[in-house]
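User: I would like to learn how to read the strands, turns and surface of a model such as this one. Please take me through the features in turn.

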Amino acid sequence: AERAKGKARAKELLDVDVQVKLNGAPVGKSDDGDVWECQIPIGTSILEVGEKGGQPWRIYMSRAVVW
């Protein structure tokens, strides 16, 4: 019985509506829905990841050269 409750809870957590932004602009999901892809511009950028309406995680990045 305990195991079933844990699985239900995990499923609940996976159904969260996640939002990803790069420098304030929303980043679109890939076709499979589990991957976000974006091009990081040269210079300083901020990537924000979090639940819609919630407090996001902020990742500060700096890209110096073009590969």
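Analyst: Start with the elements: helices (H or I, at least four residues) and strands (E, at least two) are DSSP runs, numbered from the N terminus. By that rule A25 lies in strand β2. This is a predicted model, in which local features need pLDDT of at least 70 and side-chain atom pairs count only at pLDDT 80 or more, while totals for chains, interfaces and linings use all residues. Residues are numbered from 1 along each chain as its sequence is written, and side-chain values use heavy atoms, with hydrogens and water left out.

User: How many helices and strands are there in the chain, and in what order do the elements run from the N terminus?

Analyst: The chain has 1 helix and 4 strands. Read from the N terminus, the elements run α-β-β-β-β.

User: How do I read the pairing of strands?

Analyst: Strands of a sheet pair through backbone hydrogen bonds, either parallel or antiparallel. Two strands count as paired if DSSP finds at least two bridges between them. Here the 4 strands form an open sheet in the order β2-β1-β3-β4, with antiparallel pairing. β2 and β4 are the edge strands, each pairing on one side only.

User: How many bridges join β1 to β2, β1 to β3, and β3 to β4?

Analyst: β1 and β2 are joined by 2 bridges. Strand β1 (residues 18-22) has 5 bridges to β3, and 7 bridges link β3 to β4 (residues 57-63).

User: What does the backbone do in the hairpins?

Analyst: Look at phi in the turns. The hairpin of β1 and β2 has 2 residues between the strands, and N23 in that turn has a positive phi of about 50°. N23 takes this value although it is not a glycine. In the hairpin of β3 and β4, with 5 residues between the strands, G53 has a positive phi near 85°.

User: How is burial read, and is N23 buried or partly exposed?

Analyst: Buried means under 20% relative accessible area, exposed over 50%, and partly exposed in between (1.4 Å probe, protein chains only). N23 counts as partly exposed because its relative accessibility is 45%. A25 is also partly exposed, at 38%. Of the 67 residues of the chain, 10% count as buried.

User: How far is A25 from E48 in sequence and in space?

Analyst: A25 and E48 are 23 residues apart in sequence and 9.6 Å apart in space, C-alpha to C-alpha.

User: Which residues gather in a patch of negative charge?

Analyst: First the rule: patches are made of residues with over 30% relative accessible area and no salt bridge, with like charges joined within 9 Å and nonpolar side chains (Val, Leu, Ile, Met, Phe, Trp, Tyr) within 5 Å. A salt bridge is a side-chain nitrogen of Lys or Arg within 4 Å of a carboxyl oxygen of Asp or Glu. Asp and Glu count as negative, Lys and Arg as positive, and His and the chain ends are not counted. In this model D31, D32, D34 and E37 gather in such a negative patch on the surface. D32 lies in the loop between β2 (25-26) and β3 (43-51), and D32 counts as exposed because its relative accessibility is 54%.

Note on methods
Accessible areas come from the Shrake-Rupley method with a 1.4 Å probe; for residues, only the protein chains shown count as cover. The place of a charge is taken as NZ of Lys, CZ of Arg, CG of Asp or CD of Glu.
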